[in-house]
Amino acid sequence: MDESSDDILTRPLGIEPPKARRRFVLAGHAGTLVAGLAGGSLVALVVALALLGDPHGGEPRATAAIEIREAIPAGETVASAAGAGKPGANLSSARDVEQASGVTVHRPEGAAAPEGPVIIRVPDAPQVRLAAAPDPRIVERGRHGPMPRLGEGRLRPLDVYARPDAEGGNGPRIAILVSGLGVGQSATVAAIARLPSAVSLGIAPYGADLEKTAARARDAGHEIFLLAPMEPFDYPDSDPGPQTLLASSRPPENLDRLAWAMSRFTGYVGVVNFMGARLTSDAAAFEPVLKEIGTRGLGYFDDGTSPRSLTATLAARAKVPAARADLVLDAQPRPEAIDRELAKLEELARKKGLALASGAALPMTIDRIARWAEGLEARGIRLVPVSAALRAAGTGTRLSSAAP
């Protein structure tokens, strides 16, 4: 059958039609090509194809444009707005991405947002490394999950999980605890990334993946605290959340609720109140809570929001390492008000040696602390973790308004 008559009706199943043979018309150098083929010379074939106008001998090829740019200085990297936004897809603008990532972005002059590549300065990795958590020597299984405990030789989680004070020494020092992490992802990421690693962080016992949140914070050099929900005076209009410790509850019930909160994640050095003005002003309800905290080798930090708190008196009586914030940085959540409190904090540090402050994980608070801390060492003041005050309080040294 002639090839031209082959079609799908006459061709056997599974047999492809024969491919049409290419016919080349050689001109000018045809004699050279025929002579080369007859002699079996591969070199002659390549030369012949080159003469026909295809120097690649029919091989597939592609053309890539190479743009030569200036070298990027060491310690910097290049990223686009799209690439920078992937980790924080829930952030609404390029500025949000920059603040949450903790980097300084240098954009083209006059550009309101990244347009093409930008230079990003990546913060140095933390120089201080925290001990691994959980440490099996100071963990036990409780009703609700893993619980901190005193280890052999009175080994305390307060000591094991604390951020080491690498520099040590005297001089004016400031310790800050920023609380409210673990619930809002954007605020949590921003606090971990933007705040100096010496700033301690308080994590609420709510939200998903709290172990991962705690691990990220500690990997970045921050020591962490557990926020314990405590009853305010206007409860339940103001509600700290599930498992709130109440002044009207019997001690066993409050201790069970505290155990629930303690089992939500590991690696914290102590407990900080979340609200709690009513509970902390009731000695009968609050003292058993403080004793339980101390029995488990933890410290207690009073955020300073309630003037009626009995922390100083009850902690001294129960021999629990405790401290109280001298200032609440964002009691008035305005930039100029926060800046004023930070200036007061410096004055207190120079006067007392160590000044303590608390704040919430609000974008404004995080931003003001991060900006203020940039020139702190140049002003002769050093940031230290809150555990420095708690551990000193446990030895009887008066470092804060709550120290015995």
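Strand β6 (residues 173-181) runs parallel to β13, and the two pair over seven bridges; pairing here takes at least two DSSP bridges between the strands. Helices (H or I, at least four residues) and strands (E, at least two) are DSSP runs, numbered from the N terminus. This is a predicted model, so to speak: local features need pLDDT of at least 70, side-chain atom pairs count only at pLDDT 80 or more, and totals for chains, interfaces and linings use all residues. Residues are numbered from 1 along each chain as its sequence is written, and side-chain values use heavy atoms, with hydrogens and water left out.

Back to β13: Ser179 sits opposite Ala360. Strand β12 (residues 327-328) also pairs with β13 in the parallel sense, over two bridges. From β12 the chain crosses through helix α11 (residues 335-352) to β13 in a right-handed β-α-β crossover (clockwise from the first strand over the helix to the second, with the strands pointing away from the viewer). Six of the seven residues of β13 (354-360) are buried, meaning under 20% relative accessible area, with exposed over 50% and partly exposed in between (1.4 Å probe, protein chains only).

Now the salt bridges, 20 in the structure (a side-chain nitrogen of Lys or Arg within 4 Å of a carboxyl oxygen of Asp or Glu). Among them:

| Pair | N to O |
|---|---|
| Asp135, Arg137 | 2.7 Å |
| Asp159, Arg156 | 2.8 Å |
| Asp302, Arg324 | 2.9 Å |

Asp302 lies in β10 and Arg324 in β11, so their pair ties together parts 22 residues apart in sequence. Asp302 is buried at 2%, and Arg324 is buried at 17%.
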